[in-house]
Amino acid sequence: MEIFRSLETADHEQVAFCSNPGVGLRAICCVHQTTLGPAIAGIRARDYSDEDEALTDALVLSEQLTHKAAAAEVNYGGGQVVLLGQPPAQRREAAFRALGRFIQTLGGRLIGAPDVGVTALDLGYVATETEYVAGRSLFAGSYDPSAVTADGVLAAIEVCLERRGHATGLAGRRFAVQGVGAVGSLLAAALSEAGGEVFIHDHNEARQRRVVETNPGLTPLDAEELIATEVDVFCPCGRGGFIDAPYLEKLAGRIVCGAANAQVAPGFTDYAQLAEHDILYAPDFIVNSGGLISVVGELEKRPEDWVFAMNRRIGERLNNVFELSEAEGLSTIEAAERLARRRIEAIASLSHSFIPGERD
Ligand code: NAI
């Protein structure tokens, strides 16, 4: 990969490579932008096929987090930490502590947060060595970030239905929830409780069975049936990366609004196809910002009420996206990105005026 060209493409500020072979740690720490504040960075561990794939993941996810934070009206930038593979079990503590020490050297430009493949225990190891990590108390459960995220998705779905002329709410509408893990199961239950007809699929059969046992009102389907079923709203709550031309054809006419991160497939940019297929797409980083808002709530020691109130504003933010999209003839993805950039530019412009004492 031509690293400098990749950094310039999306204006990344910094990429730091962290290596400690003695404890089995290879990590990439990426800071996309810190105009609004320190970069919050999910820490994820994955078996990447090669270093390019890991770096690309870090670059893409950190840029998305900048957009997510800006759109969520919080004062943080976007970053990402990726570990190339899981550290060996016997050296896990040392590996995550080594990562913590490395994060500390960045001096607070990057704040680590939970992401896939990393446990609360791992974050605890990181926190032994650095003050710049968040998310442990979320695991410990003052409130559940998945519940915050599911509530935000619900707020977004209500706005989408209204946009499509269904002002009467969720009752009587049909929903397909793809992936019923921590967020999807809560969302499916809430939609059903509100009087919706809810179809679900999870490729983890045991999990799907458990969710239906707990909530017999949900209808389980196989993967293809779920996509083929006529619904008002398709709610992706599993893995992202699925939105491409063939998939959009299958989703024609529906609202797409769910928690999954990074829903657009890598390299797919023909967003005009959303409108061509009459799809009302609610951009993922607006809809699923509840996880980030939870992390910010913990960092800033905000009460639970603040977290849920801030999160409920997702509906209003999404409405702004739809309005800009209609007014300017943009896809909803472009409109959401433009609104996020606008906020960053507006806040950046504030420092043009000098405040006495600010340099001290
Ligand atoms: P989870 O790991 O608890 O559940 C995901 C479930 O989706 C699993 O049961 C998995 O088997 C299933 N799944 C994945 N891809 C699937 C597919 N194509 N078809 C059917 N089932 C599929 O994850 P969680 O926490 O519920 O998160 C769901 C999504 O939301 C992820 O993309 C995550 O990155 C995103 N997200 C979660 C947040 C949170 O607070 N938990 C916050 C923001 C985003």
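## Salt bridges and the basis of the model

A salt bridge is a side-chain nitrogen of Lys or Arg within 4 Å of a carboxyl oxygen of Asp or Glu. By this criterion the structure holds 23 salt bridges. This is a predicted model, in which local features need pLDDT of at least 70 and side-chain atom pairs count only at pLDDT 80 or more, while totals for chains, interfaces and linings use all residues. Residues are numbered from 1 along each chain as its sequence is written, and side-chain values use heavy atoms, with hydrogens and water left out.

Helices (H or I, at least four residues) and strands (E, at least two) are DSSP runs, numbered from the N terminus. Residues are called buried under 20% relative accessible area, exposed over 50%, and partly exposed in between (1.4 Å probe, protein chains only).

Side chains of opposite charge can pair when their charged atoms come close. Arginine 317 is buried, at 7% relative accessibility, whereas glutamate 73 is partly exposed, at 31%.

In a further salt bridge, the closest N and O atoms of aspartate 122 and arginine 92 are 2.7 Å apart. The pair links helix α4 (residues 120-129), which holds aspartate 122, with helix α3 (residues 92-105), which holds arginine 92, across 30 residues. Aspartate 122 and arginine 92 are both buried. Arginine 173 forms a salt bridge with aspartate 232, with the closest N and O atoms 3.2 Å apart. Here arginine 173 sits in the loop between α6 and β6 (174-178), and aspartate 232 in the loop between α9 (223-228) and β9 (233-236), 59 residues away. Arginine 173 and aspartate 232 are both buried. A network of salt bridges also links Arg44, Arg46, Glu53, Asp57 and Asp115.

## Helix α2 and its flanks

Helix α2 (residues 51-71) contains 21 residues and spans 30 Å from its first C-alpha to its last, close to the expected 30 Å; the expected span is 1.5 Å times one less than the number of residues. Aspartate 50 is placed in the loop between β3 (39-46) and α2 and is partly exposed, with a relative accessible area of 41%.

A polar contact is a pair of N or O atoms within 3.5 Å; within protein, one must be able to donate a hydrogen and the other to accept it, and residues adjacent in sequence count only if both atoms are side-chain atoms. At the start of α2, a side-chain oxygen of aspartate 50 comes within 3.2 Å of the backbone nitrogen of aspartate 52. The side chain of aspartate 50 also reaches the backbone nitrogen of glutamate 53, at 2.9 Å. Aspartate 50 and leucine 84, 34 residues apart in sequence, are 8.4 Å apart in space, C-alpha to C-alpha. After α2 comes glutamate 73, with a positive phi near 65°.

## Helix α15

Helix α15 (residues 314-328) has 15 residues and reaches 21 Å from first to last C-alpha, close to the 21 Å expected. Its buried residues are Ile314, Gly315, Arg317, Leu318, Val321, Phe322, Leu324 and Ser325. Just after α15, glycine 329 adopts a positive phi of about 65°.

## Positive phi in loops

Most residues other than glycine have a negative phi. Aspartate 278, not a glycine, has a positive phi of about 55°. Aspartate 278 lies in the loop between α11 (272-276) and β11 (280-281) and is partly exposed, with a relative accessible area of 45%. Lysine 301 likewise has a positive phi, near 55°. Lysine 301 occupies the loop between α13 (290-299) and α14 (304-312) and is exposed, at 74% relative accessible area.

## The ligand site

The ligand is surrounded by 21 residues, the closest being Thr149, Val183, Asp202, Arg207 and Gly238; a residue counts as near if one of its heavy atoms lies within 4 Å. Helices α6 (145-163) and α7 (182-193) each supply at least two residues of this shell, and α6 gives the largest share, 3 residues.

A backbone N or O atom of valine 183 lies 2.8 Å from an oxygen atom of the ligand. For asparagine 261, a polar backbone atom is 3.2 Å from a ligand oxygen.
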